[in-house]
Amino acid sequence: MTMPADHLIERTVKGIVVDEKFMEMALEEANAAASEGEVPIGAVLVKKGDIIGIDHNRCIQLNDPTAHAEILAIRKGGQVLGNYRLIGTTLYVTIEPCPMCVGAITQARIEKLIYGASDEKTGAVSSKFRLLHDPQLNHRVEVKEGVLKQECSEILQVFFKGRRP
């Protein structure tokens, strides 16, 4: 059965709106990180439209180099689902994940990654490294880049501009 073209357009528009909604929540988390003196990165983990994990960078606060927003949201998601496999989930992150976070995304079997800004220095999806595209991995993650890219880039630029002389 085929669907009329207008139905497909409506579905796409709703998908974009949903992606922006969750990315705005990730940006709120990034703002919280900045207010705490942390690098302003936020992440939201969603399953079937429900948030199962949300957090921001807390490396300084927790004295933990692994306390990236993605890792913390993934940990919460595992607790909510009672499983270390997060099948059928989507992770929204304000910036392209680093190699450590890409490893966690792969191990958790996250289905889809949506991020805002690229990270030319440590991005492990498409900028510096292309780890999720490695054919040797046994799990594939669907990737969407550039959702609210300007806003996600700006919060990092403002943060680091304020920290540099």
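Visitor: Where is Arg109 found?

Guide: Arg109 is found in the loop between α4 (99-108) and β4. Helices (H or I, at least four residues) and strands (E, at least two) are DSSP runs, numbered from the N terminus. This is a predicted model, in which local features need pLDDT of at least 70, side-chain atom pairs count only at pLDDT 80 or more, and totals for chains, interfaces and linings use all residues. Residues are numbered from 1 along each chain as its sequence is written, and side-chain values use heavy atoms, with hydrogens and water left out.

Visitor: What is the phi of Arg109?

Guide: Phi of Arg109 is near 65 degrees, which is a positive value in a residue other than glycine. Leu148 also has a positive phi, near 55 degrees, and is likewise not a glycine. Leu148 sits in the loop between β5 and α5.

Visitor: Is Arg109 buried or exposed?

Guide: The label follows relative accessible area: under 20% is buried, over 50% is exposed, and in between is partly exposed (1.4 Å probe, protein chains only). Arg109 has 17% and counts as buried. Leu148 has 14% and counts as buried.

Visitor: How many aromatic pairs are there?

Guide: Rings of Phe, Tyr and Trp (its six-membered ring) pair if their centres lie within 6.5 Å; planes under 30 degrees apart are stacked, over 60 edge-to-face, and the rest tilted. The count by this rule is two. In one of them, Phe22 and Tyr92 form a tilted pair, with 5.2 Å centre to centre and 40 degrees between the planes. Phe22 lies in helix α1 (residues 5-35) and Tyr92 in strand β3 (residues 89-95), so this pair ties together parts 70 residues apart in sequence. Phe22 is buried at 3% relative accessible area, and Tyr92 is buried at 4%.

Visitor: Which class does the pair of Phe159 and Phe160 belong to?

Guide: The pair of Phe159 and Phe160 is edge-to-face, with 5.2 Å centre to centre and 80 degrees between the planes. Phe159 is buried, at 11% relative accessible area, whereas Phe160 is partly exposed, at 28%.

Visitor: Which residues lie nearest the centre of the largest pocket?

Guide: On a 1 Å grid over the protein atoms alone, a pocket is an open set of points where a 1.4 Å probe fits, with protein on both sides within 12 Å along at least five of seven lines; lining residues have an atom within 4 Å of a point. Here 21 residues line the largest pocket, and Val39, Ile95, Asp119, Leu156 and Phe160 lie nearest its centre. Helix α5 (residues 149-163) gives the largest share of that lining, four residues.

Visitor: How many salt bridges does the structure hold?

Guide: A salt bridge is a side-chain nitrogen of Lys or Arg within 4 Å of a carboxyl oxygen of Asp or Glu. The structure holds four. In one of them, the side chains of Lys144 and Asp19 meet at 2.6 Å, N to O. This pair links distant parts of the chain, with Lys144 in strand β5 (residues 142-145) and Asp19 in helix α1, 125 residues apart. Lys144 is partly exposed at 28% relative accessibility, while Asp19 is buried at 7%.

Visitor: Which residue does the side chain of Asp55 meet in a salt bridge?

Guide: Asp55 meets Lys76, at 2.9 Å, N to O. Asp55 lies in strand β2 (residues 50-56) and Lys76 in helix α3 (residues 69-81), so the pair ties together parts 21 residues apart in sequence. Asp55 is buried at 4% relative accessibility, and Lys76 is partly exposed at 33%.

Visitor: What does Lys112 form with Glu142?

Guide: Lys112 and Glu142 form a salt bridge, their closest N and O atoms being 3.6 Å apart. Lys112 is in strand β4 (residues 112-117) and Glu142 in strand β5, 30 residues apart. Glu142 is partly exposed, with 45% relative accessible area. Elsewhere, salt bridges that share partners join Asp55, Arg58 and Lys76 into one network.

Visitor: How many disulfides does a search of the whole structure find?

Guide: A disulfide is a covalent bond between the sulfur atoms of two cysteines. The rule asks for a pair of cysteine sulfur atoms within 2.5 Å. The search finds zero. For Cys59, the closest cysteine sulfur is in Cys101, 8.6 Å away and too far for a bond. Another cysteine, Cys152, is buried at 0% relative accessibility.
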